[in-house]
Amino acid sequence: MKLLLIGGSKSGKSALAQELSKALGGRLCYLATMEAADAEDRDRIARHRQERAGWGFVTIEQARDLEHCFSQLTPDDTVLLDSVTALLAQEMFDGLGMDATAGARIAKQLLALGDRVKHVIYVADQIFGDGMEFEEWTERYRFQLAMVCRTLAKHCHGVAEVTAGILQWRRIPEGLVTGSERGKFG
Amino acid sequence: MKMKLILGGAYQGKATWAASAFGLAQTEFGDFPAAGKWGQCHLERFSRACVESGKDPVAEMAILEPMWRSCVLISREIGCGVVPLDAKERLWREAHGRLLRYLAVEAESVVRIFCGLPEVLK
């Protein structure tokens, strides 16, 4: 099963994705894609590590070239990929220039990842809600992230928007949410 | 057909969804006000132009009613970010918010598109 969670900064996407991973079961893999650029990033990573300690996740770090980590995965895994946003930023702006083909490439890699394991939960940021027109590179990044998310959404069994720790399904995944879990997962 | 209002954030697939939901070809879309087009896009640019020339988008829209009363109107939501420091940007956001409220009342249906997926609001 493929699931996509999208939400604003600190909306509770990762925590909900962790709970969903646990509900799905199997070996839980946390596929961390953010490359620490500075102390702020390192603090953020440390906080995320602390938040998922005790959940039983194996952490795999892959900041670019996603397929390089495929050999560490098994078909029974439940993978939480956090986040599409960071992965695209690193693939698109690696070094000096901008790679305009990064979006299409990572969408393909992300779907291939989902096909190799039992369950995958993709986490992405909602950065499409304000009126600002940004400078060209930022707009192209926003556009590509939207296209990656829309491509993933087409292939996902469930797509949800996360707001303030509350999950709302825009496409309800058949068979995942049952009985007492229904309340927790919208 | 009666007017329908399609809303959503940037690049969410609003026009793509409208094209398939209402059976419209790419060529039937244009930026509002586009004479003779079923799909009228980027209302936020129209309200921007109104504000820049000192006009009220709601009043201007009402005058143009025959142009859009049987169309699919498509607009970005622009009010979900930080309140801009610049006075003109603030005016635009507010004027556009009022325009969408006016159109939502007039619309037969209102749909919000999120990541290519529709959510019917009205």
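What percentage of the 186 residues in chain A do buried residues make up? And what does the largest nonpolar core look like?

Analyst: Quick ground rules: this is a predicted model, where local features need pLDDT of at least 70, side-chain atom pairs count only at pLDDT 80 or more, and totals for chains, interfaces and linings use all residues. Residues are numbered from 1 along each chain as its sequence is written, chains are lettered from A and ligands numbered from 1 in the order written, and side-chain values use heavy atoms, leaving out hydrogens and water.

Buried residues come to 49% of the 186 in chain A (buried is under 20% relative accessible area, exposed over 50%, partly exposed in between, with a 1.4 Å probe and protein chains only). The largest nonpolar core has 40 residues; such a core is a set of buried Ala, Val, Leu, Ile, Met, Phe, Trp, Tyr and Cys joined through side-chain atoms within 4.5 Å. A:L4, A:V84, A:L110, A:L113 and A:Y122 have the most contacts inside it. Elements giving two or more residues to this core include β1 (2-7), β4 (77-82) and α4 (102-116) of chain A, but α5(A) gives the most, with seven. (Helices are DSSP runs of H or I, at least four residues; strands are E, at least two; both are numbered from the N terminus.)

Zoom in on A:L110: skipping neighbours within four places in sequence, its contacts (heavy atoms within 4.5 Å) are A:L66, A:L81, A:V84, A:L87, A:Y122, A:V148 and A:L152. There's also a second, separate core of 18 residues, with A:A17, A:L24, A:V162 and A:L176 among them. Across chain A, 72% of contacts between residues at least 6 apart in sequence join residues at least 24 apart.
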